[in-house]
There are 6 protein chains.
Amino acid sequence: MTDQAPATLPRIDGRAPNRLRPVRLVPDYLRFAEGSVLVEWGNNRVICAATVENGVPGWLIGQGQGWVTAEYAMLPRSSKQRIMRDANRNKPNSRGIEIQRLIGRSIRSVVDLKAFGERTILIDCDVLEADGGTRTASITGAFVALALAIRKLREAGQIGKKPILTDYLAAVSVGIVEGRPVLDLDYLEDSQAETDMNVVMTGAGKYVEVQGTAEGAPFSAKELQALLALAGEGIGQLIAAQKEVVGELG
Amino acid sequence: MTDQAPATLPRIDGRAPNRLRPVRLVPDYLRFAEGSVLVEWGNNRVICAATVENGVPGWLIGQGQGWVTAEYAMLPRSSKQRIMRDANRNKPNSRGIEIQRLIGRSIRSVVDLKAFGERTILIDCDVLEADGGTRTASITGAFVALALAIRKLREAGQIGKKPILTDYLAAVSVGIVEGRPVLDLDYLEDSQAETDMNVVMTGAGKYVEVQGTAEGAPFSAKELQALLALAGEGIGQLIAAQKEVVGELG
Amino acid sequence: MTDQAPATLPRIDGRAPNRLRPVRLVPDYLRFAEGSVLVEWGNNRVICAATVENGVPGWLIGQGQGWVTAEYAMLPRSSKQRIMRDANRNKPNSRGIEIQRLIGRSIRSVVDLKAFGERTILIDCDVLEADGGTRTASITGAFVALALAIRKLREAGQIGKKPILTDYLAAVSVGIVEGRPVLDLDYLEDSQAETDMNVVMTGAGKYVEVQGTAEGAPFSAKELQALLALAGEGIGQLIAAQKEVVGELG
Amino acid sequence: MTDQAPATLPRIDGRAPNRLRPVRLVPDYLRFAEGSVLVEWGNNRVICAATVENGVPGWLIGQGQGWVTAEYAMLPRSSKQRIMRDANRNKPNSRGIEIQRLIGRSIRSVVDLKAFGERTILIDCDVLEADGGTRTASITGAFVALALAIRKLREAGQIGKKPILTDYLAAVSVGIVEGRPVLDLDYLEDSQAETDMNVVMTGAGKYVEVQGTAEGAPFSAKELQALLALAGEGIGQLIAAQKEVVGELG
Amino acid sequence: MTDQAPATLPRIDGRAPNRLRPVRLVPDYLRFAEGSVLVEWGNNRVICAATVENGVPGWLIGQGQGWVTAEYAMLPRSSKQRIMRDANRNKPNSRGIEIQRLIGRSIRSVVDLKAFGERTILIDCDVLEADGGTRTASITGAFVALALAIRKLREAGQIGKKPILTDYLAAVSVGIVEGRPVLDLDYLEDSQAETDMNVVMTGAGKYVEVQGTAEGAPFSAKELQALLALAGEGIGQLIAAQKEVVGELG
Amino acid sequence: MTDQAPATLPRIDGRAPNRLRPVRLVPDYLRFAEGSVLVEWGNNRVICAATVENGVPGWLIGQGQGWVTAEYAMLPRSSKQRIMRDANRNKPNSRGIEIQRLIGRSIRSVVDLKAFGERTILIDCDVLEADGGTRTASITGAFVALALAIRKLREAGQIGKKPILTDYLAAVSVGIVEGRPVLDLDYLEDSQAETDMNVVMTGAGKYVEVQGTAEGAPFSAKELQALLALAGEGIGQLIAAQKEVVGELG
């Protein structure tokens, strides 16, 4: 970030540096899932669906707690170049694995795993269309799908009244593009960014994940602070959108 | 099929035996694919997307012709019980493989492979939601995605004027449920059917695939004829719907 | 099928259009299998072997019924071009998977799965030499191997007297070659066929599977009828051959 | 081997300690393979088939020499307990891999790899029925299949007159059973053997492979010598049988 | 981090909160690698080895630049519980994949990929013994192995004089344990940490990666700053240790 | 071996034909393993580590005995050409599988499997650096790791006093290089050897494995005897070295 960066110059799509792309959350998008949402965020479209299953992974059996995990995949034509399906690759999809670990870990940070017995909640994030930021859209949507599933379970009397979710949770990307910190990078900005950072935060404004990567030049402490501030702004708006769909956390 | 079968009794969802569920084709559903369509058919939702790539599989190189193939997958929460992703299975998804072979073979029957050079057109059929009949919805939609992709290529001057598609193509299921031949089985009917048959036909009313299977009791020659007649009725309506979206075959 | 097709012209190997190639069934070909047969059908040689195991697949446990399934493979030098072993491929053998699903499904249609307890009968079909029609030879032989295994189990007092097999079962291919419907295509005819159809029928003359595919041009309703008629003729002869080896169904 | 071992007591099947089981070599067993043989050796039945392909593995390209390799597999019902197909295992078939490496290495020891250009000869050994000693039957048969393939290539004028095979080659097992060295163990003897040894030798009586394993107690130098002597006797008879089928090495 | 945290209380192993464990770098640990180092860091022992190969991955061919990548694995008995080898797992080792992507990305940030032609440098990080912090030890060692390999290439005249490394690079973990920010967590601390953060920095004190994760409770902005400060202290010492082994960057 | 072979000519590294390279055994090399040793043998460095786990493989359950098995792998830069990790190969590492089967089988020959209950001892052999003879180094070291693990278990009172090891066990390679039998081949000799033999023997001088392979020309009976004699010499020295580290077998 240089002092010369003309902070008022509009971005490629005309947004101000601290503006999110339009976000729309369509709840109950799938008939069968316990909870689901279609996230439309700029040109991204991601379906998040929560499945509640009895039982937990082997290493948790008998510990009287549940588990939450996630899977992430992109439809082949979600992007400009067709993407080979994971099932057809000869080697693991490293990027996808990293993303789904991030989603699962993030969501677990606001879940009281002891509050819903030996159940596993699996959240599928499937990208119909991608335009930069599918991992933050997935985390933000995964939280919604989970909250809707918990509400449904509770209304059906299948779980007790003990709160399961300890806070709201959303994620956003920030980065340094052409020397200037900006919020919520689209694909084009992302591919030009010198630094790219994903931030996951709670409704209370605390950090769950901070993942900053220098794609081009390393970044300074000052730039890091500017990025964190932008991320905080974006998270606030995202959590407001979640509240409209999810309501109060039960 | 017994004579006692009360042919006028409505089906579970009130349809007459020879009625299709409502079908809606949403063209250009994906931004990036050369051709794409969302097929909404009863409670099924399937995205079909055509990708045009240079080159052909190794065994076709140098023969001056193209290739058309298909892939088929279901999103994990497209059905009541969550389905494991193909990439996470220890063994191949036999049902999926059989379906995508059927889609590819069916589509190729109306394509002049020599008319578009050494290119491969790959049609992805991804099921967002399933309610019986996803393979026939996939074939019917795959044809539309292909036709739209060809039109786009032609408009961009990337292929010559020689016709590539020789006819329209659609598919429908028929079956014997509670002793009575019916058209277009939904999931519930399909799971009760004594016989299940998928029929792929051209706009000219010729057969491309006839796949009949006795799930319960073997079926008689008379029943077979009744099923084929019903299938013919359904295909006619499907091809009419395709024509509205695709227009004349160029 | 055009009217001009000289119906009396002999085929490549001199057969009449409605003639099977010679079929020979060698029972008890393997020492260890509960039931086995070597099928010699024209130049095809296929070993079918039935194995009876205690237990059923996970999804059937506790339902008080058995299961029948099949596996199919070709020896590497069963054909003119050596075939890579399935274990050495990087991707699943789609054709083989489709065939073994067909064999299993066909056989189950004449088995009372509730009549032999929580057992699994696995029928291995291994092709020593191939010349067109190995899937129909496999189905026809699989039935014999199964019937022999059941007889052995019954003679050993390991299963009760309740009939397990509800009918005989055989399969044959038919197709349209040079515009003329013919029975039981060999490899050369198969590779030239405009339409190829596999038909699985019971001793009572009912259909279990009808799988017709237009390899070249789509086929008409009239052609479909001619093919079904030819198939019926062939099946009758095959079931007569089975009866000589298997005798009465117990 | 203790001195008390009653050397004249017959073996389970009545053979003398230095007797082979009956061996029969059926040449040209498969229509398509360049060379093939059915080996019937006691109750073992193994098909060996040689395939000649142009080209060599990547690491040999451009070195002006050929390559010989082998594959080995057992049909599922070749043994008392059904064997899972390699393609269905979750992990590699270690025993099979070890055997096919042994076959390939053994055969190469009598082949002049520089005498037939950049070709690969692949020898498939498929066990129809097993009764102990399938690896030695495979080596012995692989040599025959190879010799027949070379003769066919030479008669067709596809290779020059330079000798390719430098000697005959056969293999036999020996072992210590109930304290007594015996030749050519069947399955029952093999499972009781204290020591098991496979010996591969040339027509000139030289060793190509000696693989002795103490299954129970370690073996002494004296026992080792007795086993080597028995193996030599057996190899002589096997090579005599090969000569009847193969004739002079060209 | 609570105000009550007794900042002067020693840690389990007696270290002050801002103290690294002892670090020792043993250069040229392997005979064959172009560059190698054994990193002994507390009870961690990691071998880092750089391999220089001609050629680049397919997607880089013809772009006139090189590539740097990394692989990471743990020996089975590097930890208290034996770890299954990656080759024996049924599914990919997600943690390992994430770590090796981090190593490769970090190292590339200080490499001028255009300065060494179409070569690939692969850095293997193999953990002999693990005690918390193997990923930061791997990054710190990978830089050393790379620098040694480059020096060797340069001394051998195989690359030009253009600088390849733009700065030093090291990594360290920080975290919040029992409410107090500490530097360089060992295994025991890591398993108790509320927050865990890995920081990768250059010799110039700029950030390359910042990966903070709330394992327990989310962390505040104030805690984040304290962690970043600690990390900076540790990195300085690590880079000093690197300079002793590597000397000036050529 | 020709009579002309100048038996007194030194080998490449100056050793006499019957000389081992220097062998050093560093016990307890790993903190966590129940027993471990670093084997330095010439330029080979191999870590052997024994892990004791409760339970046995499925086919042994309920038979009141234990199991011993081994795994073998090479670090990527253990050799001159980097070796791909097993986990990244598309096909099984046949050589590695063969070696680890040999290690496991050899070790079991001196273990009383009934003496330590339903436990599995898994011995990992990981090659840090290779220079010919890693399999014999692995066997020799695996025995030491096992003996150390058993002593530790016994000292901890976790197993009874019944002896578990019935004898010492070591392995060495011998071969014919330039016509002369030599002991303990290094990589260069191994790649030139006409015949290569690995011999595994007990402290009592009995054979456990004899694996001789003609890499070039077949070998005579006389050569075989010379190799066996050399192997015996080497084994004696190796077992002496083991005794210094392991002491008396408990």
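How many residues does helix α4 of chain C have, and how far does the helix reach from its first C-alpha to its last? I began my notebook with this, keeping in mind throughout that I am reading a predicted model.

**Entry 1: helix α4 in chains C and E**

I looked up α4 of chain C and found that the helix runs over residues 221-246, has 26 residues and spans 37 Å between its first and last C-alpha atoms, which is close to the 38 Å expected at 1.5 Å a residue. I then went one step past the end of the helix, where G247(C) takes a positive phi of about 75 degrees. In chain E I looked up α4 as well, and there the helix has 26 residues and reaches 36 Å from its first C-alpha to its last, again close to the expected 38 Å. Just after α4(E) comes G247(E), for which I noted a positive phi of about 75 degrees.

**Entry 2: one leucine inside α4(E)**

I stayed with chain E and picked L228(E), which lies in helix α4, residues 221-246. Is L228(E) buried or exposed? I found a relative accessible area of 5%, and because the cut-off for buried is under 20%, L228(E) counts as buried. To see what surrounds this side chain, I set aside its neighbours within four places in sequence, and the contacts that remain are L224(A) and Q225(A) from chain A, together with M197(E), Y207(E) and V210(E) from chain E. I also checked G212(E), which is 16 residues from L228(E) along the chain, and the two C-alpha atoms are separated by 9.9 Å.

**Entry 3: where chain B meets chain A**

I turned next to the contact between chains B and A, to which chain B gives 34 residues and chain A gives 34 residues. The area buried between these chains is about 2,800 Å², with carbon and sulfur atoms giving 48% of that area. On the chain B side, the residues that lose the most area to chain A are F32(B), R77(B) and R82(B), which together make up 26% of what that side buries.

Strands β3 (44-54), β4 (67-74) and β5 (119-129) of chain B each supply at least two residues of the side that touches chain A. Sorted by type, the residues on that side of chain B divide into 15 nonpolar, 5 polar and 14 charged.

Chains A and D do not touch, and their nearest C-alpha atoms are 16 Å apart; chains C and E do not touch either, with 16 Å between their nearest C-alpha atoms.

**Entry 4: salt bridges in the whole structure**

Searching the whole structure gives 114 salt bridges over all chains, and I followed several of them.

Within chain B, R24(B) forms a salt bridge with E40(B), with the closest N and O atoms 2.6 Å apart. This pair links distant parts of the chain, since R24(B) is in strand β1 (residues 23-27) and E40(B) is in strand β2 (residues 35-41), 16 residues apart. R24(B) is partly exposed at 49% relative accessibility, and E40(B) is partly exposed at 22%.

R101(C) is partly exposed, at 30% relative accessible area, whereas E98(B) is buried at 10%.

I then followed the salt bridge of E98(D) with R105(F), in which the closest N and O atoms are 3.9 Å apart. E98(D) lies in helix α1 of chain D and R105(F) in helix α1 of chain F, so this pair joins two chains. E98(D) is buried at 12% relative accessible area, and R105(F) counts as buried at 18%.

Note on methods. Residues numbered from 1 in each chain as written. Chains lettered and ligands numbered in written order. Predicted model: local features only at pLDDT ≥ 70, side-chain atom pairs only at ≥ 80, totals over all residues. Heavy atoms only, no water. Helix = DSSP H or I, 4+ residues; strand = E, 2+ residues; numbered from the N terminus. Expected span 1.5 Å × (residues − 1). Contact = heavy atoms within 4.5 Å. Buried area = accessible area lost by both parts, 1.4 Å probe. Nonpolar A, V, L, I, M, F, W, Y, C, P; charged D, E, K, R; others polar. Buried < 20%, exposed > 50% of the residue type's maximum accessible area, 1.4 Å probe, protein only. Salt bridge = Lys/Arg side-chain N within 4 Å of Asp/Glu carboxyl O.
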